[in-house]
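Subject: Structure for you to look at

Hello,

Here is the structure I said I would pass on. Please open it and keep it beside this email while you read.

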Amino acid sequence: MKPSSKPSEGKRFILSSLTFIFFLCALASINEIRFESLFKLGRCALSNAPLPLNSSSEMSTLAPNSSSDDIRILIGILTLPDQYHRRHFLRLIYGTQTPVGAQVDVKFVFCNLTKEDQKVLVALEIMRYDDIIILNCKENMNNGKTYTFFSSLPEIFNSSDRPYPPYHYVMKGDDDTYLRLDKLVESLRPLPREDLYYGYVIPCPSMDPFVHYMSGMGYLVSWDIAEWIRESDIPKNHLEGPEDKVFGEWLRDGHRAKNRFNAKWSMYNYPEPPTRCTHELWPDTIAVHLLKNQEKWIHTLKYFNVTTNLKPSKLYHIP
């Protein structure tokens, strides 16, 4: 009769179980060490990572591949507080342009708010777009609004935490003017960044920028002239009159703007109705003025193929 093998089998089972339990404990210890190391590594990486920008921070409008050495341009479009639809439309126009090698900031400029609905709706615009400058003035066209705009800029933008000058150029534009930002930047590249006055020479037949002044459709000056306007008594004592003409007289009387550039005929009035200030739409255009209705805007935008970069998608079909 064979001796029973149950005791030896039981010992083997117990030994195997203890070995397995020991292996599990060792594995758990190793994984705990690894997890702790990874946790510490991740915590260290997160502590050195930059904090995300607050959604209400000022948006940068640097173009792709731009640098701090690129041209910085501020465009102030003088408009009225109640022109909500016009501002939204112009945001489409300028928000879809990406000039290369430049920072172009477009701001909408008007005087103090006077209605309760403005205080709500304009505040919402600012919270969403951060592209509005409200001047401390009573709304007007030819009684100092342009002076208040230019003279306020150094106080608004000069800061120790910004490059100096904050903008190389400042442009005043109308809300019925279409600006092609790439062409504007291209035309400014070879020009001086000091004591510059740029625009469409008035009267319309003239090509000499030193005789009269630049049209209010859109004229541009270098930052040092904006600072001079703030500091000088010449503009301060001469506010009334057609704002573009008065602006030219400031520069004449102050012996400023020794560098001048006539952008005619890359800037012009819409071709219809024809006058001595109009020009046919053409590829080298920088600005088209007097776009007083939707039909003129659409005709101009179609001519310049502004939707050519629309990407194909199953979400829409536009013939």
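A salt bridge, as used here, is a side-chain nitrogen of Lys or Arg within 4 Å of a carboxyl oxygen of Asp or Glu. Some notes on the source come next. This is a predicted model, so local features need pLDDT of at least 70 and side-chain atom pairs count only at pLDDT 80 or more, while totals for chains, interfaces and linings use all residues. Residues are numbered from 1 along each chain as its sequence is written, and side-chain values use heavy atoms, with hydrogens and water left out.

Salt bridges

Side chains of opposite charge can pair when their charged atoms come close. The structure holds 17 salt bridges.

One of them joins K245 and E249, with 2.7 Å from N to O. Where do K245 and E249 sit relative to each other? They are four residues apart in helix 8, so about one helical turn separates them. Helices here are DSSP runs of H or I with at least four residues, strands are DSSP runs of E with at least two, and both are numbered from the N terminus. K245 is partly exposed, with a relative accessible area of 35%, whereas E249 is buried, at 14%. The cut-offs are under 20% relative accessible area for buried, over 50% for exposed, and in between for partly exposed (1.4 Å probe, protein chains only).

E125 and R87 form another salt bridge, and their closest N and O atoms are 2.7 Å apart. This pair links distant parts of the chain: E125 belongs to helix 3 (residues 116-129) and R87 to helix 2 (residues 84-95), 38 residues apart. Both E125 and R87 are buried. They also belong to a network of salt bridges that links R87, R91, E125 and D131.

R256 and D224 meet in a salt bridge as well, at 3.3 Å from N to O. R256 is partly exposed, with a relative accessible area of 22%.

Strands

Strands of a sheet pair through backbone hydrogen bonds, either parallel or antiparallel. Two strands count as paired if DSSP finds at least two bridges between them.

How many residues of strand 1 (residues 71-78) are buried? Eight of the eight are, so strand 1 is largely enclosed by the rest of the structure. In a regular strand the side chains alternate between the two faces of the sheet. In strand 1, I71, I73, I75 and I77 point one way, and R72, L74, G76 and L78 point the other.

Strand 1 runs parallel to strand 2 (residues 102-110), and eight bridges join them. L74 stands opposite D105 in strand 2. Strand 1 also pairs in the parallel sense with strand 4 (residues 169-174), over six bridges. There, I77 stands opposite G173. Together, strand 1, helix 2 and strand 2 make a right-handed β-α-β unit (right-handed: with the strands pointing away from the viewer, the path from the first strand over the helix to the second runs clockwise).

Strand 6 (residues 196-199) has L196 and Y198 pointing one way and Y197 and G199 the other, and all are buried. Four bridges join strand 6 to strand 10, and these two run parallel. The bridge partner of G199 in strand 10 is N262. Strand 6 and strand 9 (residues 218-222) run antiparallel and are joined by two bridges. Y198 stands opposite L220 in strand 9.

There is also an open sheet of three strands in the order 5-12-11, with mixed pairing. Its edge strands, each pairing on one side only, are strand 5 (178-179) and strand 11 (267-269). Strand 11 pairs with strand 12 (residues 287-289) in the parallel sense over three bridges. M267 has A287 in strand 12 as its bridge partner.

That covers the salt bridges and the strands.

Regards
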